[in-house]
Amino acid sequence: MSAEIISDPILTTVKQSYQAFLDLGTCTGTQRSRAVKAMSQGIKLAFDEILQANTLDLETSRELAVSEQILRWLKLTPLRLEVAVEVLEQLAEAADPILQVSNASYQLNPSQTYCQRMPLGVVALIYEAFPELGAIAAGFTIKTGNSLILRGCGTSSHSSRIIANILHSALEDTGLPVNCVQLIDSDDTYGIDQLVNKDQYINLVIPYGRPSLISRVSQLATVPVLRSAMGNCYLYWSPSGELELTRHIIIDSHTSIPDPVNSIEKVLISTKHNPSLLGRLFNNLKEKGFILKGDIDLVANFPDYLIKASDTEWSKPYLDKVVAFKIVEDLSSAIAWINSNSSGHADCIVTESYRESRQFAMNSDCALVYINSSPRFSRNPKQGESVFLGVSNQKGQRRGLISLETFTTLKQVVQG
């Protein structure tokens with residue numbers, strides 16, 4: 001065993017997580033909910049300690065000239081910690097998703113066939129900055145009976161370690177296996193590459209951060225990957241759509257702080273729009289602090305508001321307070337452009353036409369379609385009982401909002 005620890009400490013951690021998952025299977029839903037509740041209480045009582053550790057992370061990151069974008073994601077505030085506590089509390093109160101039984105879509109006569117919801121197993125979260133995301137992910141996995149391996153980045157090492165210690169204390173106090181939440185130090189000589197190929201023990205990897213991180217994990221992993229998405233969402237403003245609603249949706253979509261998951265960063269405009277309406281929209285967004293870009297035709301007509309967007313920008317997220325505008329012929333052209341360039345997780349249309357709304361909903365190739373509605377993302381929406389970790393643009397069973405159900409699978413039982 002000692003030789004194994006020296007040669008591959010990641011493997012040891014993964015094996016411990018897998019064993020903890022098996023042990024977690026003997027715990028009841030009430031015990032798991034009690035543990036999630038204890039996590040929320042632990043975070044709530046340690047705001048000062050967490051913020052002090054986060055201050056140290058920020059100071060170190062500034063000395064290393066870390067980008068402003070990462071610093072914004074890294075900087076914790078009491079409000080961000082309060083949101084994490086609220087999410088954990090809501091998860092603790094939610095109904096137990098495990099062992100729910102439903103009828104199968106088919107029957108194998110003469111037997112009875114039904115489906116039973118079960119945990120996935122071991123989940124690995126690889127995330128940039130966002131220290132509180134580790135606690136939120138732990139709530140999702142413990143509630144659903146899974147083990148969690150956290151792999152943050154070097155910029156958030158102190159914050160992540162404090163939060164992991166709080167989670168471990170909550171697990172220990174409630175009698176759950178402590179190893180069902182583990183943190184791999186980001187400065188470990190063994191990194192992401194060695195984690196995402198442990199398909200014998202890990203059942204799902206979720207990368208969360210910039211597109212470069214998502215791409216790297218997706219390319220290296222032999223474990224199933226749930227790709228989260230952030231930014232580069234499109235809006236098509238129809239000639240029948242209202243200016244005020246378009247303005248509201250753009251601004252509101254950028255208010256999901258710190259991670260601009262569903263921010264409208266690209267807007268497609270019909271050739272039939274009145275130029276005076278465009279000028280009013282550009283002026284208002286400028287006043288709100290947005291940087292505005294456009295295609296060559298729009299820049300020529302509105303040089304005081306827009307700077308030219310390069311050809312490569314239309315398919316990449318800004319992840320900042322930046323919006324680019326482009327002229328298209330009609331809705332069909334807009335859909336074709338969106339399907340080729342959008343990140344494919346949340347796209348919008350502003351229109352008064354039912355026919356246009358149906359065409360957009362049916363033909364746009366994205367996980368979430370918003371019609372005359374802001375796509376603003378919230379992990380803890382005020383309406384309804386659901387809470388979300390993020391959004392996936394990955395086609396398949398887990399496309400769309402990442403909820404509790406995402407961390408479960410169906411076992412089909414044939415009763416003779």
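Modeller: Start with helices H7 and H8, the latter spanning residues 157–173. Their axes come within 10 Å and cross at roughly 30°. That makes H7 roughly parallel to H8, because angles under 35 degrees count as roughly parallel. The crossing of H7 past H8 is right-handed. Keep in mind that this is a predicted model.

From H7 come Gly-134, Ala-135, Ala-138 and Ile-142. They meet Ile-163, Leu-167 and Leu-171 of H8. There is a general rule to keep beside these numbers. An α-helix has 3.6 residues a turn, so residues three or four places apart point the same way.

Most residues other than glycine have a negative phi. Ala-129 is also buried, with 0% relative accessibility.

Asn-372 sits in the loop between strand E13 (368–371) and strand E14 (390–392). Its relative accessibility is 28%, so Asn-372 counts as partly exposed.

Next come the rings. The structure holds 9 aromatic pairs. Take Tyr-18 and Tyr-201. Their centres are 5.6 Å apart, with 65° between the planes, and the pair is edge-to-face. Tyr-18 lies in helix H2 (residues 9–24), while Tyr-201 lies in the loop between helix H9 (192–195) and strand E6 (204–208). The pair therefore ties together parts that are 183 residues apart in sequence. Tyr-18 is partly exposed, at 29% relative accessible area. Tyr-201 counts as buried, at 15%.

Phe-130 and Tyr-208 are edge-to-face, 5.5 Å centre to centre, with 80° between the planes. Phe-130 is in the loop between strand E3 (122–127) and helix H7 (133–143), and Tyr-208 is in strand E6. They are 78 residues apart, so this pair links distant parts of the chain. Phe-130 is buried, with a relative accessible area of 2%. Tyr-208 is buried as well, at 2%.

Some rings gather in a group. Phe-282, Phe-302, Tyr-305 and Phe-325 form one aromatic cluster. Rings can also face a charge. Lys-326 lies over the face of Trp-314, 5.7 Å from the ring centre. The charged end of Lys-326 also sits over the ring of Trp-337, 4.4 Å from its centre.

Finish with helix H11, residues 243–253. Of its 11 residues, 8 are buried, so H11 is largely enclosed by the rest of the structure. The buried residues are Leu-243, Thr-246, Arg-247, Ile-249, Ile-250, Ile-251, Asp-252 and Ser-253. What covers them? The cover includes strand E7 (233–237), strand E8 (264–270) and helix H12 (275–287). Strand E11 (322–328) and strand E12 (346–350) are also among the covering parts.

Notes
Residues are numbered from 1 along each chain as its sequence is written. This is a predicted model: local features need pLDDT of at least 70, side-chain atom pairs count only at pLDDT 80 or more; totals for chains, interfaces and linings use all residues. Side-chain values use heavy atoms; hydrogens and water are left out. Rings of Phe, Tyr and Trp (its six-membered ring) pair if their centres lie within 6.5 Å; planes under 30 degrees apart count as stacked, over 60 as edge-to-face and the rest as tilted. Helices (H or I, at least four residues) and strands (E, at least two) are DSSP runs, numbered from the N terminus. Buried means under 20% relative accessible area, exposed over 50%, partly exposed in between (1.4 Å probe, protein chains only). A charge sits over a ring if NZ of Lys or CZ of Arg is within 6 Å of the ring centre and within 35 degrees of the ring normal. Axes are lines fitted to C-alpha atoms, for helices over the stretch in contact, and angles run from 0 to 180 degrees between N-to-C directions. Angles under 35 degrees count as roughly parallel, over 145 as roughly antiparallel, 65 to 115 as roughly perpendicular and the rest as oblique. A crossing is left-handed if the near helix is turned anticlockwise from the far one by less than a right angle, and right-handed if clockwise. Contact means heavy atoms within 4.5 Å.
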